[in-house]
Amino acid sequence: MKLFSRNSFIFDTNTTHLNTAQFISESSLEKIEKASFTWQTPSNIALIKYWGKSNPQIPKNASISFTLNNCHTKTTIDFLKKEKSMEAEFKLFFEGKEKAEFKPKIAEFFKRIQQYCPYVLEYDMTIHSENSFPHSSGIASSASGLSAIAMCLISLEAALNPGLTQEFINKKASFLARLGSGSASRSIEGPLVVWGAHPEIEGSSDLFGVPFPYKVHPNFNNYKDAILLVDKGEKQVSSTIGHNLMIDHAYAENRFKQANENLSQMADILQSGDLKAFVSLVESEALTLHAMMLTSIPYFILMKPNTLEVIQKVWQYRQENNSNLCFTLDAGANVHLLYPESEEAPVNHFIENTLSPFCEKKQYIYDHVGAGAKQV
Ligand code: PMV
């Protein structure tokens, strides 16, 4: 049970939010022999980070992210009716090639969701997937990848059971995506999604992401994210291992409490438009995430020398230009630069001239906040 108190208000998140029965699909009304759905779903970048979970994919604290636009996965699933089997049967193609090495993760995902989507046992599935960003760019594709599969599944469910509301469809898609990869729950909608029960975010839940429910200040409209590809190699430590190292971590409980408090602050900032406060909080969250890695046992470092070079340059640029440019980090060495649309021209100039030499092959990706999943 997680208890928060803020302004002497105590909130028990468990009892109110863990109703999973609502996601078990009804037996199908329609008979469908063959169907095919294609969805494009984006990656997201967390402003308040999720790091630490309990089973099954329940976050230890609430998080919030900007949904991205250009970094996305496009996935088609072809469904062909068959006799019901004991486990999901599927073929998986990534960028046109059959990928046996990606199958175990997806097989595990189908196992986790089959109680909520029994129809996955009744269809042969052929999955074709491709990313808009370069493969092995060090950009995690699990959020966009799993959310795209979840959208294809929920499309079949909506066809089998006409009448599902859009609200339920989005909630269940996020619920399913979460069971594949926690942060994928935040890739169904946009522009800002909260995942994890939090007393000050109405409708928030540990089971699925919800759009930030309050009016966001126009300073954050079309916010920019430039992703600097500092290191395109594979991470040495997977996020699954990283999350597990939060169990028994010396600072874990304080971190979870701090993240929930930071989300309260972020909710205020998003409404007031206070960009200076945004910059401080976003950077503090990024460094705290990495501080958890530095202080876990065993400890590890995902930043590279050029990650720190970029951070120093960003700080210098901000001071010299009274800018609101800031950085954040995922569980990797690449740097996400966040900045308001009003600063787009000078910041892009700074990236191209000063920061690109710190990127592998001078590569970076311009992205911005987006609206979430799109059917293709
Ligand atoms: O969704 P996962 O299990 O890959 O975890 C992602 C965690 C971070 O990207 C580091 C933070 C976040 O909230 O997205």
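Select Lys172 and Glu157 to begin: they form a salt bridge, with the closest N and O atoms 2.8 Å apart. (A salt bridge here is a side-chain nitrogen of Lys or Arg within 4 Å of a carboxyl oxygen of Asp or Glu.) Lys172 lies in helix α4 (residues 166-180) and Glu157 in helix α3 (residues 142-160), so the pair ties together parts that are 15 residues apart in sequence. Both Lys172 and Glu157 are buried; buried means under 20% relative accessible area, exposed over 50%, and partly exposed in between (1.4 Å probe, protein chains only).

A quick word on what's on screen: this is a predicted model, where local features need pLDDT of at least 70 and side-chain atom pairs count only at pLDDT 80 or more, while totals for chains, interfaces and linings use all residues. Residues are numbered from 1 along each chain as its sequence is written, and side-chain values use heavy atoms, leaving out hydrogens and water.

Next, pick Glu283 and Arg318. Their closest N and O atoms are 2.7 Å apart, another salt bridge. Glu283 lies in helix α7 and Arg318 in helix α8, so this pair ties together parts 35 residues apart in sequence. Glu283 and Arg318 are both buried.

Now try Lys82 and Glu89, a salt bridge with its closest N and O atoms 3.4 Å apart. Lys82 counts as buried, at 17% relative accessibility, but Glu89 counts as partly exposed, at 38%. In total, the count comes to 10 salt bridges.

Note on methods:
Helix = DSSP H or I, 4+ residues; strand = E, 2+ residues; numbered from the N terminus.
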